[in-house]
Amino acid sequence: MKVGTDGTLLGAWARGGSHILDIGTGTGLIALMMAQRFPEASVDAIDIDSDACLQARENVAASPFTDRIKVHHCRLQDFMPVIPPETLEDINSSLHYDAIVANPPYFEQSLKAPDAQRSMARHTDSLSYRDLMNGIGHLLDSDGEFSVVIPFDCRSSLEMEAVMVGLYPSRVCAVKTTPRKPARRYLLAFRKHPGEIETSELVMNSDTYHDLVKDFYLKG
């Protein structure tokens with residue numbers, strides 16, 4: 001699994017908290033970015049693929065954040081988080097995370113890749129939008145935020161499932177390759193309470209883009 005632009009954008013854009021969940025962690029990229037950005041946070045990272053979890057654990061072990069990130073090999077549908085005793089007083093007993101991030105599978109109806117791992121990462125068979133949003137609805141703290149990166153043509157499907165579990169858009173960032181072209185990706189954030197939606201636009205390789213991701217690329 002390669003490090004992709006989608007994951008880098010999400011890891012740099014998402015808001016964090018003291019207890020963060022990364023769904024579909026892959027190599028552990030977003031979990032590591034969130035740990036770097038939020039030094040007081042503990043991070044749970046889950047993935048259905050055993051090889052991905054092995055790679056994520058190796059990357060976490062080689063990082064400065066090894067004591068704050070735990071990688072779990074499981075489906076979101078089966079995940080039962082363990083809340084550290086010292087944080088129980090600060091977190092609602094049934095809603096555990098004040099920040100959740102996901103770079104989810106997004107192909108709903110298309111030919112699958114011949115590589116099984118790549119197919120699992122890209123197709124919603126293993127994690128439908130409905131299952132994803134149901135999981136978020138159960139695991140997100142009442143004041144928390146869920147952040148996700150999604151192709152432009154998947155936005156309406158995801159937002160429809162969000163509404164069904166009582167999640168409301170709080171931030172929308174349109175990601176474009178050039179200023180005049182339509183958005184190819186969206187960075188979306190959801191909360192459990194409706195409010196004013198913060199909208200923005202991000203053009204790849206612009207000054208704003210480089211400022212967002214500058215802390216995560218090696219200087220040449």
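**Helices and sheet**

Reply: Start with helix α6, residues 155–164, which lies across β5, β6 and β7 and runs at about 5 degrees to β7. Keep in mind that this is a predicted model.

Me: Which strands does helix α1 lie across?

Reply: Helix α1, residues 5–13, lies across β4, β5, β6, β7 and β8. Its angle to β7 is about 35 degrees.

Me: OK, the sheet. What's the strand order?

Reply: The order is β3-β2-β1-β4-β5-β7-β6-β8. That makes an open sheet of 8 strands, with mixed pairing.

Me: Which strands stand at the edges?

Reply: β3 (69–73) and β8 (198–203) do. Each has a single partner strand, so one side of each is left without a neighbour in the sheet. On average, neighbouring strands here are turned by 15 degrees against each other, direction ignored.

Me: In what sense do β6 and β7 pair?

Reply: Antiparallel, over 7 bridges. One of the details: V175 has R185 in β7 as its bridge partner.

Me: New topic. How many aromatic pairs are there?

Reply: The count comes to 1. F146 and F190 have ring centres 6.2 Å apart and planes at 25 degrees, so the pair is stacked. F146 is in β5 and F190 is in β7, so the pair ties together parts 44 residues apart in sequence.

Me: Are F146 and F190 buried or exposed?

Reply: Both F146 and F190 are buried.

Me: And which ring does R171 lie over?

Reply: R171 lies over the face of W13, 3.8 Å from the ring centre. R155 lies over the face of Y186, at 4.6 Å from the ring centre.

Terms used: Residues numbered from 1 in each chain as written. Predicted model: local features only at pLDDT ≥ 70, side-chain atom pairs only at ≥ 80, totals over all residues. Heavy atoms only, no water. Pairing = 2+ DSSP bridges. Helix = DSSP H or I, 4+ residues; strand = E, 2+ residues; numbered from the N terminus. Axes fitted to C-alpha atoms, helices over the stretch in contact; angles between N-to-C directions. Contact = heavy atoms within 4.5 Å. Phe/Tyr/Trp six-rings, centres within 6.5 Å; stacked < 30°, edge-to-face > 60°. Buried < 20%, exposed > 50% of the residue type's maximum accessible area, 1.4 Å probe, protein only. Lys NZ or Arg CZ within 6 Å of the ring centre and 35° of its normal.
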